Amino acid sequence: MGDILIVDDERDIRELISDILKDEGYTTRMAGGSDECMAEIAKELPALMILDIWLKDSQMDGIDILKATKRDHPGVPIIIISGHGNVEIAVAAIKQGAYDFIEKPFNIDQLTVVIGRAMETSRLRRENSELKRRDGTVSEMIGSSSAFKSLKVNLDKVTKSNGRVMLTGPAGSGKEVAARYIHAHSNRADAPFITVSSATVEPDRMEEVLFGRESTERGVEPGLLEQADGGILFFDEVADMPLGTQSKILRVLVDQSFARVGGSEKIKVDMRVISSTNRDLAQEIKLGRFRQELFHRLAVVPIAVPSLDERREDIPELADYFITAFNKTQGLPLRQLSDEAIALLQTMLWPGNVRQLKNVIERVLILGADKGDIAASELPGMEPTPEEDGRVVLSGSLATLPLREARELFEREYLLTQINRFGGNISRTATFVGMERSALHRKLKSLNVVTSNKLGNRVAHIEDIEV
């Protein structure tokens, strides 16, 4: 159930507490003085500490140990016990971060209840912290493509309002980065940004995590909604939320209040809600998996986050940013991409979007050389093999076509890729492929390739031909 460190200068007391806790299913360690206590903490951090204030023949008393432990390990709950307790000592201990204060001689039932409550609170805090940390490092908005600029313009428009924003886009495209950008530039920037993903919480615990809970045995345990008070609550992939929870969240959005699990008191909250999804919520509503009323409450301002395929111009800039970031955070080599590597990255398929690009860069820096430019051959799937050196390997479908059809198919796909690589810019594409602009236009027309605006960016695609 948990490792508890018992610190008391009276051997009988610490052994008594240890025996009680072992009967409750806990594992325990014991220390009779400050030196022994600090050595046990250094050896392995306990899940909880029971600490006597007065420690004979020790360099540090309980308050000193409490201060040092809370400074270095703030997440460890500490219960203070003392036979000389008074209000002043209790207040001082609580101010220094103690979870609770119990006076000797203590009631066994009281002690076990307080310990159980402290352990559960610590667990919830760790779980909530993990939810908030999920991809939670503040990331910069990186890019200069038309699609990216259009996204940033839309984000800037909503930063100062209090409207609810629904961010849509494929997985890995940077929806949480966009949400954090809104938070950082809003009037709530100094308030909390709380992230919750339904995919990481068991459905039967969702309400407890969101609303918190209260009981006579465990007291009050705030949930994520209370933690977001005054700030922003970000529902990542909101389509994963259980239907039962959806109806309760809808009520919270209407009333701006809720009751904790097991409680009756209405808790008022002032928070802005931002949500994201990579699913078609209209289809989810038709299938009965998402409440239409909740969708209308959440999607007051819908903003589409483009996929990496729609902003290929940004790939070199994003890759350079990741290389610099990995150098600072992990000490990985600070290398540059060769022109061939950049060209390959811009023409690869990216089903995992920006997150996949980040992973590819990290892999190359870990497995590659310590210095020198990153070559195209270092990228995943591009390792050279002797028998294929200097050859282009045909896919099975291409190899079965006559030359004329195969050439036309290759030209179409090649030019589609190059145009999208350069953000729909025909002049830059013509320069790269070595054609006159007018000749390229004629070639595109013969291949039924056209460009159109999508999310502020020019995107090439095959024109639909009416039969």
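What share of the contacts in the protein with a separation of 6 or more is accounted for by residues 24 or more positions apart? Such residues account for 69% of these contacts, where contact means heavy atoms within 4.5 Å. This is a predicted model, in which local features need pLDDT of at least 70 and side-chain atom pairs count only at pLDDT 80 or more, while totals for chains, interfaces and linings use all residues. Residues are numbered from 1 along each chain as its sequence is written, and side-chain values use heavy atoms, with hydrogens and water left out.

The protein has 19 helices and 16 strands, taken as DSSP runs numbered from the N terminus (H or I of at least four residues for helices, E of at least two for strands). Of its 467 residues, 46% are buried, that is, under 20% relative accessible area with a 1.4 Å probe and protein chains only, exposed being over 50% and partly exposed in between.

**Nonpolar cores**

A nonpolar core is a set of buried Ala, Val, Leu, Ile, Met, Phe, Trp, Tyr and Cys residues joined through side-chain atoms within 4.5 Å. The largest one has 31 residues, and those with the most contacts inside it are L233, F235, I249, M271 and L298. Among the elements that give two or more residues to this core are the strands β7 (193-197) and β10 (232-236) and the helices α10 (243-255) and α12 (292-298). Leaving aside neighbours within four places in sequence, F235 is in contact with V196, L210, M241, I249, V273, I274, S275 and S276. A second, separate core has 25 residues, including F322, I361, V364 and L365.

**Two helix pairs**

Two packed helices are described by the angle between their axes and the distance between the axes. Here the axes are lines fitted to C-alpha atoms over the stretch in contact, and angles run from 0 to 180 degrees between N-to-C directions.

| Helix pair | Axis distance | Angle |
|---|---|---|
| α13 (315-330) and α15 (353-367) | 10 Å | about 55° |
| α14 (339-347) and α17 (403-421) | within 9 Å | roughly 105° |

Angles under 35 degrees count as roughly parallel, over 145 as roughly antiparallel, 65 to 115 as roughly perpendicular and the rest as oblique. Helices α13 and α15 are therefore oblique to each other. Their contact is made by I315, L318, A319, F322, I323, F326 and Q330 of α13 together with V354, L357, K358, I361, E362 and L365 of α15. By class, this contact of α13 with α15 has 10 nonpolar, one polar and two charged residues, where Ala, Val, Leu, Ile, Met, Phe, Trp, Tyr, Cys and Pro count as nonpolar, Asp, Glu, Lys and Arg as charged, and the others, Gly among them, as polar.

The axes of α14 and α17 cross at roughly 105°, which makes α14 roughly perpendicular to α17. In this pair A343, Q346 and T347 of α14 meet T417, Q418 and R421 of α17, and the residues of the contact divide into one nonpolar, four polar and one charged.

**Two buried residues**

R164 is found in the loop between α6 (146-158) and β6 (165-168), and it counts as buried because its relative accessibility is 16%. The C-alpha atoms of R164 and R297 are separated by 7.6 Å, although the two residues are 133 residues apart along the chain. I80, in strand β4 (residues 78-82), is buried with a relative accessible area of 0%. I80 and M49 are 31 residues apart in sequence and 8.4 Å apart in space, C-alpha to C-alpha.
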